[in-house]
Structure formats: C-alpha cells, structure tokens
Amino acid sequence: MRQMPWFGMDIGGTLVKLVYFEPTDNTPDDEKNETETVKIIRHYLKSRSAYGKTGKRDVHLQMECSIKNRRGILHFVRFPTSEMPVFISLARSKGIAQLASTVCATGGGAYKFEKQFSEELNLTLKKFDELASLIHGIHFIERYNPQECFYLQNPMEDEKFRKIPFDFSDSYPFLVVNIGSGVSILAVYSQDKYKRVSGTSLGGGTFVGLCCLLTGCETFEDAIALASSGDSNKVDKLVRDIYGGDYPKFGLTGDTIACSFGHMISKEKRDKVSKADLARATLVTITNNIGSIARMCAVNEGIERVVFTGNFLRVNQISMRLLAYAMDFWSGGTLKALFLEHEGYFGAVGCLLELV
C-alpha cells in the first residue's frame, strides 16, 4: 500500500467524484523507493486545480486525516461522467494501470463502465454499495472535520443570513437526503444501522436537463448562474394570484407557490418571461419537491434532523436557503435542515475506506 496511490471513485449519472489520499508521513526509505510512476501521478494531481476543460480539483476541500495508520491529505476531484473516455485515456497515459490491478468504485457507473476499465486499462473495478459508502464517508469526514456540518440562520433574509456550525457528534437518528442526478433518502440510526426510506427521480439531473431544454444552457454551473438572476414569480402561480392575498385558514401566505409554472398557461405571460426566470422557476420547483418529500419522510420516521448533501448543492445557495426555510417553516420549527461542506464526495471516500 505504500507505493500505490489510494483512489476512490463515485461514478454517478452526471458527475464522477474521485478522492486521492496522499500519505505525508513517508520515511526516507519510502521516498527513495517511490516509483517514477507514483511521482508523476502525484505531481499531475497536485500541480493544478483544473484538468482539461471539465475536470476540477476542489482545493478548498482538501483535508488532513489518517487512514490505516497513515497520515496524509485527501484531495477531491470531479469531472462529468460524459468525459469518462477522456479520463480512461489519461489514466492510461499516466500509467495508473501499472501500479494496481484493482480500483475501488461505487455508484451506478461502477457497473456501467466495468467492462471499459477492464478492456482498455486492464483494471478491475472493485464495486461497493453506493449508499453504504455514502454513510461511511459522512462519518469519516465528520470525524476529521469538526466544521463539516452547518445550518443556515435566517435563510431568507440577506442582511441577517448566517452560516452556523452544527455539532454533529451526537447526531442519531438523522435523515440523509442525497441529491445527485436523482434523490435517495436514508434514515440513519447508527454507524451501521440505516435504511433507504424513499427517493425521487426529480433531482439535480432533472434540473439541468430541463434548463438545457428551456434555456439552451449546457452545464450545471451555467444553469445555476442563470437561475441566480431570475424571478420565479413570473413563472409560478402564487396563492395571491388565486385568492388575491393570503389563505389564512391553512396558514398559506400570498407568496406561497400554488402551482409551479402555472403562469405559463398564458401565452401573454410566456412571451414576457426570460430564460433566467425559467431557470429560477425550474430550480425552485425541483428544490421544493425534494424538501416536501424529505419533510414527509422525517415525520414518518420521527426524525428531527435532516442532512441534505450531494453535488446538486454545490455552488447552489439558492436551494440550500429554500430547503432551510421550508424545513423550519412547514414543521413549525421542529425540523432542522443541516448541510455538509464536502457535498457529493462522501461515496468516493466511503469506498476508498472499504478498499484499504
């Protein structure tokens, strides 16, 4: 294990998340005996924060930790799943297949690309359960990063909005809402006791796909940037559009969404909306649906802490603030929405831990 780069991969429907553990406690003999291939791989990964046009290393997330009595640094890299052929070509050119015969992987892509890895790199993908890896990764990173978990205070008030650390050391039970291309929801009762309670096919992939259709954007980042300048009220029909004001009998204020995309029935209003408005309404629709399902699951399971994670929340403060507000408001303050700094990397970390 001292010579082999330690990699974990979570191959999702939209993004590949890769973690690389770099030991920092090497002895002089370790450094002397280090192969040239290992040096090349380490230098390539660490010397840049971007790989080609689409690969990114999230430098701000790297962290010190200990794995199998080795001290080191975890590095976090992501790239679109559609770019897998480019990654395989790069892995071949850097000689990764010369160092190991097995790479650990999780996610649906561990099955989808298994044959390609075998035929083109002569590598076996050792597959680990996606949800088990997610839970193990969350516990591991939280243990080494006390600031990992946080909640949002006054999420809908710009001047009072605050990001507050949350002590996650005594967390059970909690709900994990993992928002990737789709959504899986798990109830976690201990480190090894958990179950999948629900999910929805309307997730981050849905948001990007609909935005591509409605606005012509091409990436998640483009869609989020567009949504940040839009006004969803021009697209969605609100309670006040139907009642002329509030609906107090059921505690519904006039600005509550009554019908997502409801205004788009009218050609006159369709002609007035911008692409940014459509992107914002799409984001709000997907986010509200996820929040509603999460709340129902929490109530059914009798759980008060709901942890939202996944790459859908990366650079997406709009959804985080909406989820924080919705959980608090619709539960009368009994449910708390929690978030994690490392977002969608937990599965990759979890399968790495299983391999080593």
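This is a predicted model: local features need pLDDT of at least 70, side-chain atom pairs count only at pLDDT 80 or more; totals for chains, interfaces and linings use all residues.
**Interface between domain 1 and domain 2**

Between domain 1 and domain 2, an area of about 740 Å² is buried, and carbon and sulfur atoms contribute 57% of this area. On the domain 1 side, the residues that lose the most area to domain 2 are Arg78, Leu131 and Phe346, which together make up 57% of what that side buries. The size of an interface is often expressed as the accessible area that is lost when the parts come together.

Eight residues of domain 1 and 11 residues of domain 2 take part in the contact.

On the side of domain 1 that touches domain 2, the elements giving two or more residues are β2 (15-23) and α6 (130-144). The residues of this side comprise four nonpolar, two polar and two charged.

Because its relative accessibility is 12%, below the 20% limit, Arg78 is classed as buried. The side chain of Arg78 forms a salt bridge with that of Glu221, with an N to O distance of 3.9 Å. A polar contact at 3.0 Å joins the side chain of Arg78 to the side chain of Asp58. When residues up to four places away in sequence are not counted, the residues touched by Arg78 are Val16, Thr54, Gly55, Lys56, Asp58, Glu221, Arg314 and Tyr345.

A second residue considered was Cys212, which lies in helix α7 (residues 204-215). The relative accessible area of Cys212 is 29%, and this residue is therefore partly exposed, a class that lies between the limits of 20% and 50%. Apart from neighbours within four places in sequence, Cys212 is in contact with Cys217 and Glu218. The C-alpha atom of Cys212 is separated by 7.9 Å from that of Ala223, a residue 11 residues apart from Cys212 along the chain.

Terms used: Residues are numbered from 1 along each chain as its sequence is written. Side-chain values use heavy atoms; hydrogens and water are left out. Contact means heavy atoms within 4.5 Å. Buried area is the accessible area (1.4 Å probe) that two parts lose on being put together, summed over both. A salt bridge is a side-chain nitrogen of Lys or Arg within 4 Å of a carboxyl oxygen of Asp or Glu. Helices (H or I, at least four residues) and strands (E, at least two) are DSSP runs, numbered from the N terminus. Ala, Val, Leu, Ile, Met, Phe, Trp, Tyr, Cys and Pro count as nonpolar, Asp, Glu, Lys and Arg as charged, and the others, Gly among them, as polar. Buried means under 20% relative accessible area, exposed over 50%, partly exposed in between (1.4 Å probe, protein chains only). A polar contact is a pair of N or O atoms within 3.5 Å; within protein, one must be able to donate a hydrogen and the other to accept it, and residues adjacent in sequence count only if both atoms are side-chain atoms.
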